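Welcome, and please take a moment to look over the sequence and the fold.

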Amino acid sequence: MNRRVLIIVNPHAGKGMIKRYLCDVIDLFVKHQWQVSVVTTQAKGEATQLASDAALHYDLLVCSGGDGTLNEVVSGLVKDERHIPIGYLPAGTTNDFASSLQIPKNNLPAAAQQIIDGKGFLCDVGHFNDRIFMYVAAFGAFTEVSYSTPQDFKNNFGRAAYILEGIKSLTNIVTYHLKVECENELIEGDFIYGQISNSTSVGGFQAMSLKDVQLDDGLFELLLVHRPNNLLDLQTIIAALLTQDENSSWLVHRKLSKVKITCETPVPWTLDGEFGGNHQTMVIRNLPKAVEFIVRNEEQPLV
Ligand SMILES: Nc1ncnc2c1ncn2[C@@H]1O[C@H](COP(=O)(O)OP(=O)(O)OP(=O)(O)O)[C@@H](O)[C@H]1O
């Protein structure tokens, strides 16, 4: 009997690029004896329920979209404790997480072929209060960028849109006084940026030393950036981020599985590049090996 795959497509992700390749992708799966169903999302948030339901009826779930759509799919599966392998077709604007999973970013048929020939990989997932993130939870300077950038603007200008918005947000840096409770340690101070990530790439650039990142070790990487006193300090901080200087006194780096962060004022967060709400108390936990992605087999060529 044919195995059944459901392809969940966000037709608005990226420049709508999936539209050009969808027929080829379906054809590839059919040629490999998959019985293919396709559904397009009609609204924000819909992929969550679609994914949860699909786990009951299909052998494989393929998500076509950007980081936001993939977040919705993963959220649906983790929250409802459903188990089904996920293939990812990176058809969004930045597709940050595709880099970590070594999925070809600008070649959707190649990404589909990799799913067909690939193998399962159990990946850690993040739990942020009552929400899920796949690869990054962040606050502060730069983070307003991805969700405040209008979709049309992202579609037309791609990565340049993020950079332009990032420069704009630098002129208006907000400081948060935080208490950060990690394992056996309390860090307190004024910070302009923070991220908890499970990824080799965040925002398209590697803002911290991510060389030891393992997506399935039950650990996150925490990065906090202290408040600069003047423009010169800010320059030093940017240089430290770009050179991945782990010894910089402006940066805090930790590896951890759980962290509690409290702030006297609400902090706006982004989860996987989408707005994640304002929070004063944040409890962030690693859910080890909570979802299964299909990734490249060692025998497959790197595309
Ligand atoms: N039919 C739809 N109409 C409007 N928005 C939708 C629809 N379907 C999904 N969405 C929303 O589109 C948003 C953007 O999708 P996604 O993040 O996947 O693409 P992107 O922003 O182009 O890529 P990336 O996040 O990688 O930069 C998601 O928040 C998703 O919920």
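Predicted model: local features only at pLDDT ≥ 70, side-chain atom pairs only at ≥ 80, totals over all residues.

## A tour of the model

Helix α9 itself covers residues 231-242, twelve residues in total, and reaches 16 Å from its first C-alpha to its last, close to the 16 Å expected at 1.5 Å a residue.

Which residues of α1 are buried? They are Ile18, Leu22, Val25 and Phe29. An α-helix has 3.6 residues a turn, so residues three or four places apart point the same way. The buried residues of α1 pack against the strands β1 (3-9), β2 (34-40), β3 (60-65) and β4, and also against helix α5 (108-117).

**The whole protein and its core**

Stepping back, the protein has nine helices and 13 strands. Of its 303 residues, 43% are buried. Among contacts with a separation of 6 or more, 77% join residues 24 or more positions apart.

In soluble globular proteins, nonpolar side chains tend to be buried together. Here, the largest nonpolar core has 75 residues, and those with the most contacts inside it are Leu61, Val73 and Leu89. Strand β13 (residues 274-295) supplies the largest share of this core, seven residues. Where does the core sit relative to the domains? Domain 1 (3-117) and domain 2 (131-288) both give residues to it, so the core lies between them.

Leaving aside neighbours within four places in sequence, Leu89 contacts Ile18, Val25, Val62, Cys63, Ser64, Leu108, Ala111 and Ala112.

**Around the ligand**

How many residues surround the ligand? There are 22, and the closest are Gly66, Gly68, Thr69, Gly92 and Thr93. By class, this shell holds two nonpolar, 15 polar and five charged residues. Helix α3 (residues 67-79) gives the most to the shell, with four residues. Both domains take part as well: at least three residues of the shell come from each of domain 1 (3-117) and domain 2 (131-288).

Helix α3 also carries Leu70. Is Leu70 buried or exposed? Leu70 counts as buried, because it has 31 C-beta neighbours inside 10 Å, and the cut-off for buried is 20 or more. Beyond its neighbours within four places in sequence, Leu70 is in contact with Cys63, Gly65, Tyr88, Phe97 and Met134. Leu70 and Arg82 are twelve residues apart in sequence, and their C-alpha atoms are 15 Å apart in space.

The loop between α3 and β4 (86-90) contains His83. His83 is exposed, with 10 other C-beta atoms within 10 Å. Its C-alpha atom is separated by 9.9 Å from that of Ala54, 29 residues away along the chain.

**Single residues worth a click**

Glu221 belongs to strand β10 (residues 220-226). Although Glu221 is a charged residue by class, it counts as buried, with 21 C-beta neighbours inside 10 Å. Glu221 and Ser257 lie 36 residues apart in sequence, with 8.8 Å between their C-alpha atoms.

Asn184, which is not a glycine, has a phi of about 55°. It is found in the loop between β8 (176-182) and β9 (185-197). Lys289, also a residue other than glycine, has a phi near 50°, and its place is in strand β13.

The table gathers the C-beta neighbour counts of residues discussed above.

| Residue | C-beta neighbours inside 10 Å | Class |
|---|---|---|
| Leu70 | 31 neighbours | buried |
| Glu221 | 21 neighbours | buried |
| Lys289 | 15 neighbours | partly exposed |
| Asn184 | 5 neighbours | exposed |

Note on methods
Residues numbered from 1 in each chain as written. Near = placed C-beta within 6 Å. Helix = DSSP H or I, 4+ residues; strand = E, 2+ residues; numbered from the N terminus. Domains from an automatic or database assignment. Buried ≥ 20, exposed ≤ 12 C-beta atoms within 10 Å, placed from the backbone. Contact = placed C-beta atoms within 7 Å. Core = buried A, V, L, I, M, F, W, Y, C linked by C-beta atoms within 7 Å. Expected span 1.5 Å × (residues − 1).
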